[in-house]
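Please look at the structure before reading on.

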Amino acid sequence: LMVPHKTIKKICCIGAGYVGGPTCAVIAEKNPDIIVTIVDINPTRIAAWNSDTLPIYEPGLDKIVKGCRGRNLFFSTDVDKGIIEADLIFVSVNTPTKKKGVGAGYAADLGYVESATRHIARVAQSDKIVVEKSTVPCRTAHSMRYILEANARPGIHFDILSNPEFLAEGTAVPDLMRPDRVLIGSLDTLAGRAAAASLADIYASWVPRGQIIAMNLWSSELSKLAANALLAQRISSINALSAICEATGADVDEVSYACGLDTRIGSKFLKASVGFGGSCFQKDILNLVYLSESLHLPEVAAYWRQVVEMNEYQKRRFTDRVISSLFNTLTGKKIAILGFAFKKDTGDTRESPAITLVNYFRAERANISIYDPKVEDSQIWMDLTEPGVVDDLAELQKQVSIATNAYSACDDADAVVICTEWDEFRDTYLDYGRIYENMKKPAFVFDGRLILDRNRLEGMGFRVETIGRAASS
Ligand code: NAD
């Protein structure tokens, strides 16, 4: 990276979401001399970033944003101005799975990336470094460069970099403060290397140089998809083993512990559960599947597709276990759902397994009460209805209610189903004795996240069923 390069003074981030917001807030905090403006076309989101209640919940984020906001960190809906003033622009817009047309259900919808890119080309009046922050299919930078060059004003030059984000929701701030690595992909030209060096300087304010890795654009783009695919694959692998455990008397926590002690395997991310959720894993693997198919590699596509299929199977298998334990009928029974977020310490519900579970239980005509400490009620209703279908909501509310705390969710319930591993649902926090008193008997607990001490709860009188362990007889 030892090439002459520009020092960045102004940054613009297009997309004030789960990634753009926290990432650029940390960049602003660590680089007080750089002006960072985060822009978005969604005025409600920008208003929330400028208010006391930020649009996303991340432990530690409030303090950082409130410390820098108005000093060198700004949130705005003025995308033109953000682009015009910046030397370096992050594109951190959403890249959801395509819903219609070619590749529907697999391919990434690059419409938002394309429109942000066209916007940059249209308004830029000086040279810019454009950084892909969004997770994109391999070779997207090629298309972006093409769009930029074809639409640029005369004499304006764009450099394009790939800088995928590896933060995990719920731990975004610590992940950004101490990243395992920062990838910067660039073209292997003098200009490309210079642009990469400019971006590297920004991260070097707090990330050790040895962890800032330069590579070619395509490796950088593919590394993000690969990392998510490998992480999700570990979960599907341990979940596949959990099914064998339940059928044999092996205990998945013990198997995971035993395997994790092997330093070649490692112990992290080997926890069995009801399945992974979140906006990224499924989308990025499907994206990889689509990429493999379009490269005429059907066996590779099938290999990765199985990771997603195993995840669907795990959710279905867990639901079936609940139903069969409750004497094969849920009609008129009350199921308490503890946790609706896709993981703890976030209010995000995108692809949350809880949504799938509730829909399965509804189909079995159960009454359902949901409690989550961070997810907004309006979000839950939105996740459980088709947008805009109001009649559906009335129908839904005959069957589903949202509780204000875990105890009221469990009152009169036949079964409690743990869907999210919130610390406050552990038996060391929640008074399961009190819950037991107010439940129908037999009182069932289904632990979809392996957070409960089964023996302790069974001692209270519960029937406890956990992922990866056979039911007690
Ligand atoms: P998000 O939906 O929370 O935020 C994206 C924002 O971009 C939205 O607020 C949207 O209004 C805005 N936007 C879209 N088009 C725009 C345009 N043309 N101009 C201005 N604003 C525009 O998404 P996110 O979770 O922040 O994810 C962003 C990207 O980062 C995705 O590609 C995702 O795969 C990737 N990523 C996400 C995570 C995560 O944990 N959420 C982690 C790593 C990478």
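The shell of residues around the ligand divides into 12 nonpolar, 12 polar and 4 charged residues. The model is a predicted one. In total, 28 residues surround the ligand, and the closest of them are Gly-15, Gly-17, Tyr-18, Ser-134 and Thr-135. Which helix gives the most residues to this shell? Helix H5, made of residues 111-123, does so, with 4 residues.

**The protein as a whole**

The secondary structure comes to 18 helices and 14 strands. The radius of gyration is 24 Å, close to the 23 Å that the globule rule gives for 473 residues, so the protein is as compact as a globular protein of that length. Taken along the principal axes, the box filled by the C-alpha atoms is roughly 75 × 45 × 45 Å. Buried residues make up 47% of the 473 residues. Of the contacts between residues at least 6 apart in sequence, 75% join residues that are at least 24 apart.

**Strand S2 and its partners**

Strand S2 covers residues 35-39 and is mostly covered itself, as 4 of its 5 residues are buried. S2 pairs with strand S1 and also with strand S3. The table sets out these two pairings.

| Pair | Sense | Bridges | Residues standing opposite |
|---|---|---|---|
| S1 (residues 10-14) and S2 | parallel | 5 bridges | Cys-13 and Ile-38 |
| S2 and S3 (residues 73-76) | parallel | 4 bridges | Val-36 and Leu-73 |

What do S1, helix H1 and S2 make together? With H1 spanning residues 20-30, S1, H1 and S2 make a right-handed β-α-β unit. As a general point, side chains in a regular strand alternate between the two faces of the sheet.

Thr-356 has its place in helix H13, which spans residues 353-363. Is Thr-356 buried or exposed? A residue is buried if 20 or more other C-beta atoms lie within 10 Å of its own. Thr-356 has 20 C-beta neighbours inside 10 Å, and therefore counts as buried. Arg-316 lies 40 residues away from Thr-356 along the chain, and the C-alpha atoms of these two residues are separated by 8.5 Å.

How values were computed. Residues are numbered from 1 along each chain as its sequence is written. This is a predicted model: local features need pLDDT of at least 70, side-chain atom pairs count only at pLDDT 80 or more; totals for chains, interfaces and linings use all residues. A residue is near a molecule or strand if its C-beta atom, placed from the backbone, lies within 6 Å of it. Helices (H or I, at least four residues) and strands (E, at least two) are DSSP runs, numbered from the N terminus. Ala, Val, Leu, Ile, Met, Phe, Trp, Tyr, Cys and Pro count as nonpolar, Asp, Glu, Lys and Arg as charged, and the others, Gly among them, as polar. The radius of gyration is taken over C-alpha atoms; the globule rule is 2.2 Å times the number of residues to the power 0.38. A residue is buried if 20 or more other C-beta atoms lie within 10 Å of its own, exposed if 12 or fewer, and partly exposed in between; C-beta atoms are placed from the backbone. Two residues are in contact if their C-beta atoms, placed from the backbone, lie within 7 Å. Two strands pair if DSSP finds at least two bridges between them. A crossover is right-handed if, with the strands pointing away from the viewer, the path from the first strand over the helix to the second runs clockwise.
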